[in-house]
Amino acid sequence: MDKDELLCELILHVIKRQCQHDFTLYALPVLQKRIQRFIETQGLASHETLLLALIKGDKKLEYDLVQALTVHYTHFFRNKEYFQLFYSEILPHFAHTANFRLWSIGCSSGEEVYSYAMLIALRNQLAEAALIGTDLNANQIDIASAGVYPLNKLEELESGFKSLALPANSSLLSLIDSQQKSTFTFCEAIRQSCHFSTHDMTRDASLGAVHVISCRNTLMYFSEEKQQEVINQLILPSLVPGGYVITGEAENLEPWSDTFNLKRLHNGINIYHYHA
Amino acid sequence: MYKRILIGGSAGSFEQVSQLLSAESLYHCPPIIFIMHLSENYDAKNLCNAFQSLVHIKCKLVQNHDWIESDTLYIADGRYHVLLDNDGQRFRLYDDEPFHYAKPSIDLLFESCCGSEAKSTLAIVLSGANSDGSTGLKKLFDAGAHCCIASPNNTPHSAMPTSALHTVPNAEVLPDEVDSQWLVKLLACDKRSTEHLHHTSKSKLSNSVHASASDIKPSNTLVGGHQ
């Protein structure tokens with residue numbers, strides 16, 4: 001083990017002792033890379049500098065480091081086939097559902113939630129809908145709640161939107177507000193439908209009466225036993241019968257489909273119908 | 001004895017890997033894990049199918065939590081970083097931004113294999129236009145892995161092997177013209193040396209059995225006495 005690896009372990013130990021955040025769930029090489037990236041973006045001289053500042057009680061740095069270690073990777077309409085099926089196959093089931101609720105667990109900075117919201121708006125089902133995005137990372141939740149993104153994200157959004165098979169008259173312009181020079185946001189109706197909050201999926205309570213749960217690229221970090229526990233104690237109790245669970249591409253629930261009454265809609269796509 | 005072969009490459013490495021693994025006689029080998037930088041939108045099933053038509057071992061896409069199996073070439077897609085855990089026997093995928101512009105990160109795969117399992121690991125860095133793989137290769141080398149680098153003289157994109165060679169100057173450089181027999185010969189050699197080790201240890205074991213037998217002679221005598 002080289003010096004920086006040892007220092008990373010000490011940094012994680014200090015974080016665990018001082019603010020009870022335990023990152024043992026994550027693989028050490030990934031944490032080492034994230035700590036390295038944090039040191040570079042913060043302009044710190046070295047691992048020693050970071051460790052000493054944490055030991056001396058720099059709370060701001062400690063908070064920022066925890067946020068940097070829990071950040072998730074996301075973008076608008078990521079994995080377009082999932083959003084296509086959400087639009088074409090899932091939403092029509094809820095065309096006449098009052099109080100439609102979608103819960104995005106591990107929503108990071110909100111791009112996924114707004115992507116769903118745009119499609120719900122295109123189906124004219126937004127008026128009675130509520131989209132709830134939750135994440136462990138408070139900084140990301142602040143970004144998601146503000147709903148304001150830099151203009152380079154608009155290119156990503158446009159490209160994702162164009163890649164979907166939507167009715168010819170679908171207009172992205174009606175869904176966003178790009179009046180600012182360097183940022184854009186979403187129309188009032190979308191912003192009012194999306195709600196964000198911090199939530200720890202391993203500890204906090206389930207929600208009720210949710211029609212669609214999107215839990216993508218979060219379960220994959222858990223052991224198979226822990227995954228089953230989260231499905232059993234958090235996801236299924238939150239879903240209405242006939243609801244849907246959407247997981248990430250590396251999160252195949254098919255082996256447990258009988259156990260949990262989940263039926264996969266299409267081969268190779270992790271969208272499941274809950275037929276309890 | 002090699003228990004896994006890790007190969008990292010980027011631009012230009014597809015042809016090199018095809019060449020390395022194309023021997024008909026390569027049908028029995030440790031698991032081979034090939035990480036190539038890919039776009040997130042590229043469907044790696046196509047790459048997997050392409051390899052399946054070129055090599056004589058099974059080709060599979062890397063899946064989270066899968067145990068790695070011998071006689072199999074694993075291909076990673078561009079959507080996740082790939083690590084090994086359980087002492088290098090099982091895949092673990094990570095959803096994160098690219099590290100140093102690279103995804104899946106070759107460094108991360110290599111670094112995840114630096115425990116006691118490093119000594120039974122063969123790691124190879126091939127063609128590519130960035131420096132991914134160098135840091136991981138250095139850590140693997142220091143942990144006792146057999147580390148090889150494509151010759152920068154005859155590589156479509158030499159930045160990656162050049163960087164690796166700069167970071168790990170004592171790694172083995174592959175011949176300028178890598179043919180399909182290079183890996184076959186290396187594995188045969190590895191097998192022979194392992195058999196030799198087995199043979200030696202068997203002899204030692206048999207000596208020690210003899211020694212034990214003589215040690216317990218008094219008991220035998222005692223047993224004989226009962227007779």
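The contact between the two chains takes in 26 residues of chain A and 23 of chain B, with contact meaning heavy atoms within 4.5 Å. This is a predicted model, in which local features need pLDDT of at least 70, side-chain atom pairs count only at pLDDT 80 or more, and totals for chains, interfaces and linings use all residues. Residues are numbered from 1 along each chain as its sequence is written, chains are lettered from A and ligands numbered from 1 in the order in which they are written, and side-chain values use heavy atoms, with hydrogens and water left out.

Chain A and chain B bury about 2300 Å² between them, and carbon and sulfur atoms account for 47% of that. Buried area here is the accessible area (1.4 Å probe) that two parts lose on being put together, summed over both. Charge pairing shows up too: 8 salt bridges cross the interface of chain A and chain B, a salt bridge being a side-chain nitrogen of Lys or Arg within 4 Å of a carboxyl oxygen of Asp or Glu. Arg37(A) takes part in a salt bridge with Asp96(B), their closest N and O atoms sitting 3.3 Å apart. There are also 17 residue pairs in polar contact across the interface of chain A and chain B, both residues at pLDDT 80 or more. A polar contact is a pair of N or O atoms within 3.5 Å; within protein, one must be able to donate a hydrogen and the other to accept it, and residues adjacent in sequence count only if both atoms are side-chain atoms.

On the chain A side, helix H2 (28–42) and helix H10 (224–238) each supply at least two of the residues touching chain B. H2(A) gives the most, with 7 residues. Helices (H or I, at least four residues) and strands (E, at least two) are DSSP runs, numbered from the N terminus. By type, the chain A residues that touch chain B come out as 10 nonpolar, 6 polar and 10 charged; Ala, Val, Leu, Ile, Met, Phe, Trp, Tyr, Cys and Pro count as nonpolar, Asp, Glu, Lys and Arg as charged, and the others, Gly among them, as polar.

Two strands pair if DSSP finds at least two bridges between them, and 2 bridges join E4(A) to strand E5 (residues 183–186) of chain A. Asp177(A) stands opposite Thr185(A) in E5(A).

Over all chains, the structure holds 22 salt bridges. One of them pairs Lys60(A) with Asp64(A), the closest N and O atoms being 2.6 Å apart; these residues are 4 apart in helix H4 of chain A, so about one helical turn separates them. Most residues other than glycine have a negative phi, and most peptide bonds are trans. Asn79(A), however, has a positive phi near 60 degrees, and is found in the loop between helix H4 (59–70) and helix H5 (80–90) of chain A. In chain B, a cis peptide bond joins Lys103(B) and Pro104(B), with omega about -5 degrees.
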